[in-house]
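Dear colleague,

Please find below the structure that I am handing over to you.

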Amino acid sequence: MKTVAKVGGKVCGFALLAFVGTFGMYMFNLENKLIYYVLRPLLNKHYDSQSRDRRIV
């Protein structure tokens, strides 16, 4: 029974840390900041380097 309590305590601790981490990401809007400052410049660089074909067929 002690091992069940140990494992249960570790699982609850991990769940609490995961909740606090995701709540912090939500409160500080970190996912949108990551997209705006990291992902968007990479995508802009990729799509700006592509050649355009604007001919009307």
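Helices (H or I, at least four residues) and strands (E, at least two) are DSSP runs, numbered from the N terminus. Just after helix α1, Asn29 takes a positive phi of about 60 degrees.

Before the remaining findings, two notes on the source are in order. The model is predicted, and local features need pLDDT of at least 70, side-chain atom pairs count only at pLDDT 80 or more, while totals for chains, interfaces and linings use all residues. Residues are numbered from 1 along each chain as its sequence is written, and side-chain values use heavy atoms, with hydrogens and water left out.

Overall form

The chain has 2 helices and 0 strands. Its radius of gyration is 23 Å, well over the 10 Å that the globule rule gives for 57 residues, so the chain is more spread out than a compact globule. Here the radius of gyration is taken over C-alpha atoms, and the globule rule is 2.2 Å times the number of residues to the power 0.38. The C-alpha trace spans about 75 × 25 × 15 Å along its principal axes.

Buried residues make up 2% of the 57 residues in the chain; buried means under 20% relative accessible area, exposed over 50%, and partly exposed in between (1.4 Å probe, protein chains only). The accessible surface of the chain comes to about 5,900 Å², of which 69% belongs to carbon and sulfur atoms. Such areas come from the Shrake-Rupley method with a 1.4 Å probe, and for residues only the protein chains shown count as cover.

Helix α1 has 26 residues and reaches 37 Å from its first C-alpha to its last, close to the 38 Å expected at 1.5 Å a residue. That expected span is 1.5 Å times one less than the number of residues in the helix. Of the 26 residues of α1, the number buried is 1, so the helix lies largely in the open.

A nonpolar surface patch of about 1,000 Å² is made by Leu16, Phe19, Val20, Phe23, Met25, Tyr26, Met27, Phe28 and Leu30. Patches are made of residues with over 30% relative accessible area and no salt bridge, like charges being joined within 9 Å and nonpolar side chains (Val, Leu, Ile, Met, Phe, Trp, Tyr) within 5 Å. The largest share of this patch, 7 residues, comes from helix α1 (residues 2-27).

Aromatic pairs

Rings of Phe, Tyr and Trp (its six-membered ring) pair if their centres lie within 6.5 Å; planes under 30 degrees apart count as stacked, over 60 as edge-to-face and the rest as tilted. The count by this rule is 2 aromatic pairs. The rings of Phe19 and Phe23 have centres 5.9 Å apart and planes at 20 degrees, so this pair is stacked. Phe19 and Phe23 are 4 residues apart in helix α1, and about one helical turn separates them. Phe19 is exposed at 51% relative accessibility, and Phe23 is partly exposed at 43%. Tyr36 and Tyr37 form an edge-to-face pair, 5.0 Å centre to centre with 85 degrees between the planes.

Charged residues

There is 1 salt bridge, defined as a side-chain nitrogen of Lys or Arg within 4 Å of a carboxyl oxygen of Asp or Glu. Asp53 forms it with Arg55, the closest N and O atoms being 2.9 Å apart. Both Asp53 and Arg55 are exposed.

Yours sincerely
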